[in-house]
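This report looks at charged pairs, strand pairing and the nonpolar core in a predicted model.

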Amino acid sequence: METIFEYTLKTPATAGERTVTELKFHRPKTRDFLRTDGHQIDSVGADVALVSSLTGEPETIISAIDIDDWAVLRVEIQKIWYQFFGIKPTEESSKKAGAEAEKMTEKS
């Protein structure tokens, strides 16, 4: 599958004996969004399910991602959600999401 985004975690995510340092996201397909069924669209649960599907990593690994890394990933996931629903992010919403991620990083 075509990789559209790669991210090296600042803090490796570990679940059990498995540790992940990098995530590679493939181009989304409708089946990836099916994994989010049963979650509210704007919930962390939906984002965890989507990231799991797009990277091929189990949800236990995705759930172990440090908040600094998660803030960055949520900005990227927001772009994918916008694209899926046919809504292009405005410059203002992209700046806002980036500012929120920056604030989360500064707090750590």
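## Salt bridges between separate segments

The count of salt bridges comes to four. In one of them, the side chains of R74 and D47 meet at 2.6 Å, N to O; because R74 belongs to helix α4 and D47 to helix α2, this pair ties together parts that are 27 residues apart in sequence. R74 is partly exposed, at 29% relative accessible area, whereas D47, at 3%, is buried.

Another salt bridge joins the side chains of E59 and R35, at 3.5 Å from N to O. E59 lies in helix α3 and R35 in the loop between α1 (30–34) and α2, so parts 24 residues apart in sequence are tied together. E59 is partly exposed, at 33%, and R35 is partly exposed, at 37%.

## The hairpin and the nonpolar core

Strands β1 and β2 pair in the antiparallel sense over eight bridges, and they form a hairpin with two residues between them, where G16 in the turn has a positive phi of about 65 degrees. Within this pairing, T8 has E22 in β2 as its bridge partner.

The largest nonpolar core has 21 residues, and L23, F25, I65, L73 and I77 have the most contacts inside it. Elements giving two or more residues to this core include β1 (3–15), β2 (18–26) and α4 (67–84). Leaving aside residues up to four places away in sequence, L23 touches a set of residues that includes F5, L9, I62, I65 and L73.

Technical notes
Residues are numbered from 1 along each chain as its sequence is written. This is a predicted model: local features need pLDDT of at least 70, side-chain atom pairs count only at pLDDT 80 or more; totals for chains, interfaces and linings use all residues. Side-chain values use heavy atoms; hydrogens and water are left out. A nonpolar core is a set of buried Ala, Val, Leu, Ile, Met, Phe, Trp, Tyr and Cys residues joined through side-chain atoms within 4.5 Å. Buried means under 20% relative accessible area, exposed over 50%, partly exposed in between (1.4 Å probe, protein chains only). Helices (H or I, at least four residues) and strands (E, at least two) are DSSP runs, numbered from the N terminus. Contact means heavy atoms within 4.5 Å. Two strands pair if DSSP finds at least two bridges between them.
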